[in-house]
Amino acid sequence: MHKSRFCMGIALLTLSASGCGLAAAGDGKDVMVPAEPTMIDFVDPAGIVGLSTRTLTEGDSADSRYVHINYPELPGAPALTKALRAQAERQMKEFHDRTRGDEHLTPRPELNVDWQLAAASPQAVAVRLRTGEYLGARWGNSTRTYWFDPGAGKAVDSTGLLSGKAALRTLAALVKEQFKERKPQIEQDDLRPGGDAFDSMAFNRSGDLVVEFDDCQLGPCSLGRLAVAVPAWRAAPLLSDLGRRAQEGVRAESAAHGGPPRFAPTTSPDAVSSRAGSVDCARVKCVALTFDDGPGPYTGKLLDALKRERARATFFLVGSNAMAQPALVRRMSAEGHLVGNHSWAHRDLSKQASSKIADSLTKTNSAVSAAIGQTPTLVRPPYGAVSERLRDVAREMGLALVNWDVDTKDQIGGRAGESGDIADLAVRAAHPGAIILMHDIHRETVAAVPDILKRLRGKGYSFVTVPELYGSAGMQAGRLYGSGNELPGKQPLT
Ligand code: ZN
């Protein structure tokens, strides 16, 4: 059952290339040679029906590290989900051990993991986890790619693409040979044929085997990204059965489809709530519920609850989640909520250069615009962290920055809070003009919402989107808002 459901899921990706379960090997003749052979063409996750995302996170509250780990959950691939979850938990624990006592440092120690689909065909699926770690001086990046065999229902690490230890030794020799010519500074001794050095492998669109290494793994960090593309014909004899099918699958997909999703500055109209203006916050008591980090596995249930109570909210979406689950983004917009930008991968933007900030915000707006035909005008900075550079980029892009003045503490120390506590905190701290922080990636938060709506409604509150708190005064690009009461001249209602 799992297998066939999974096949249904990926059928959209393989419309003309192959039937589900049918291996249609590309002969490579019509395949464009990529300009940089170590580039992998990632698959657009929006094509996978039933794909969801999971997030482990920590850090909006004071005195904590910044942690945000995101991974996909593919329908019919429980073994892959299990492997990804185990890896996420392992990385979170190791980061905690490494940064014990450093929670108060500025800038904060940060761990960020996002993902791409390096393959998604009926033959093989691959999830590439990209880790960024900041320990006070610079970002260190590493990658790890897990493979899933839909036929066998098994998940393996990247060495599962190879036929065995002898093949790994031969591959290590081939990689050394390439590096010897191109990067003589590489420490050849570090290229031992173990799973650690060879934990991130995938195929480019020509079927070459791309082997990626972590920053600083093979030599000075200044060498930057280190990767090698082993030509398809040289890699072929080293591959396992899964490896061969994966190589064929990627070639077939590339021959049938164009490149990866493109991100460009959007020209679509500004995002608005379709019911904006139906409440006058100068006359009635308003609060703005805000939900960060989604969409996630509980977002649909949250939308049901908000709909039942005719309450509206503002969703600050992580761009990679929005791109993976456009149907949920469409539902938010259609049901009168406002969609905002919470960066592409939830890295602390206050540590980033202007070009990286602009890239993260542009990609996210592009993903939202592709889903709803409107461009967000609000940004919630990850961890609420703001720099002058971020303000400048936001101003240039026409984006207002929105933090909060009520924290429901629905995630503390990497764990979700209790539903009852979340509801009590929200109700007790709410005031006219409040911007209330919650996260729809937690089951407990979503479970608390019906109670919050009922109790605040009982106190006479209306639930509006963030810009409605400011009425006709509107919101300005580049300005940071933390409460609906901040506007000069506007007195809080009592
Ligand atoms: Zn967040």
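Modeller: Let us begin with a term: a residue is buried at under 20% relative accessible area, exposed at over 50%, and partly exposed in between (1.4 Å probe, protein chains only). Helices (H or I, at least four residues) and strands (E, at least two) are DSSP runs, numbered from the N terminus. This model is predicted: local features need pLDDT of at least 70, side-chain atom pairs count only at pLDDT 80 or more, and totals for chains, interfaces and linings use all residues. Residues are numbered from 1 along each chain as its sequence is written, and side-chain values use heavy atoms, with hydrogens and water left out.

Colleague: How many residues of strand 18 are buried?

Modeller: Six of the six residues of strand 18 (residues 434-439) are buried, so the strand is largely enclosed by the rest of the structure. Ala-434, Ile-436 and Met-438 point one way, while Ile-435, Leu-437 and His-439 point the other way.

Colleague: Which strand is joined to strand 18 by six bridges?

Modeller: Two strands pair if DSSP finds at least two bridges between them. Strand 10 (residues 285-292) runs parallel to strand 18, with six bridges; Val-287 has Ala-434 as its bridge partner. Strand 15 (residues 406-407) is also parallel to strand 18, with two bridges, and Val-406 is partnered with Ile-436.

Colleague: Which residues are the protein donors of the zinc ion?

Modeller: Donors are N, O and S atoms within 2.8 Å of the metal (3.2 Å for Na, K and Ca); water is not among the atoms, so sites may look incomplete. Here the protein donors are Asp-293 (OD), His-342 (NE2) and His-346 (NE2), 2.1 to 2.2 Å from the zinc ion. Both His-342 and His-346 are buried.
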